[in-house]
Amino acid sequence: VFYYTPKHASWLNQIEIWFSILVRKLLRKGSFISVDDLYNKVMSFIDYYNDTMAKPFKWTYRGKALSA
């Protein structure tokens, strides 16, 4: 089933932030000998991230005021 999700959906911002962290901390300078190696390192990073770095994202955007 295909679900259309608007590009401005707020949860996409959280996912983009997390993928940015993954790229900066693991993928950008990573060296992987196989797809299985990449998979294992990503899964290990997720475990490490959840144990040591995970915290709620703080939203700063308040949105547009509703007009009457």
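**View 1. Phe45 and Tyr49 sit about one helical turn apart.** Phe45 and Tyr49 are separated by about one helical turn, because they are 4 residues apart in helix H2. This is a predicted model. Both residues are buried. For Tyr49, the relative accessible area is 7%, and the cut-off for buried is under 20%. The rings of Phe45 and Tyr49 form a tilted aromatic pair. Their centres are 6.0 Å apart, with 35° between the planes.

View 2. Trp18 belongs to helix H1 and Tyr49 to helix H2, so the pair ties together parts that are 31 residues apart in sequence.

**View 3. Four aromatic residues form a cluster.** Which residues do the ring pairs link? Trp18, Phe19, Phe45 and Tyr49 are joined into a cluster.

**View 4. Ser34 lies in the loop between the helices.** Helix H1 spans 10–27 and helix H2 spans 35–52, with Ser34 in the loop between them. Is Ser34 buried, exposed or partly exposed? Its relative accessibility is 35%, so Ser34 counts as partly exposed. A polar atom of the Ser34 side chain lies 3.0 Å from the backbone nitrogen of Asp37.

Notes:
Residues are numbered from 1 along each chain as its sequence is written. This is a predicted model: local features need pLDDT of at least 70, side-chain atom pairs count only at pLDDT 80 or more; totals for chains, interfaces and linings use all residues. Side-chain values use heavy atoms; hydrogens and water are left out. Helices (H or I, at least four residues) and strands (E, at least two) are DSSP runs, numbered from the N terminus. Buried means under 20% relative accessible area, exposed over 50%, partly exposed in between (1.4 Å probe, protein chains only). A polar contact is a pair of N or O atoms within 3.5 Å; within protein, one must be able to donate a hydrogen and the other to accept it, and residues adjacent in sequence count only if both atoms are side-chain atoms. Rings of Phe, Tyr and Trp (its six-membered ring) pair if their centres lie within 6.5 Å; planes under 30 degrees apart count as stacked, over 60 as edge-to-face and the rest as tilted.
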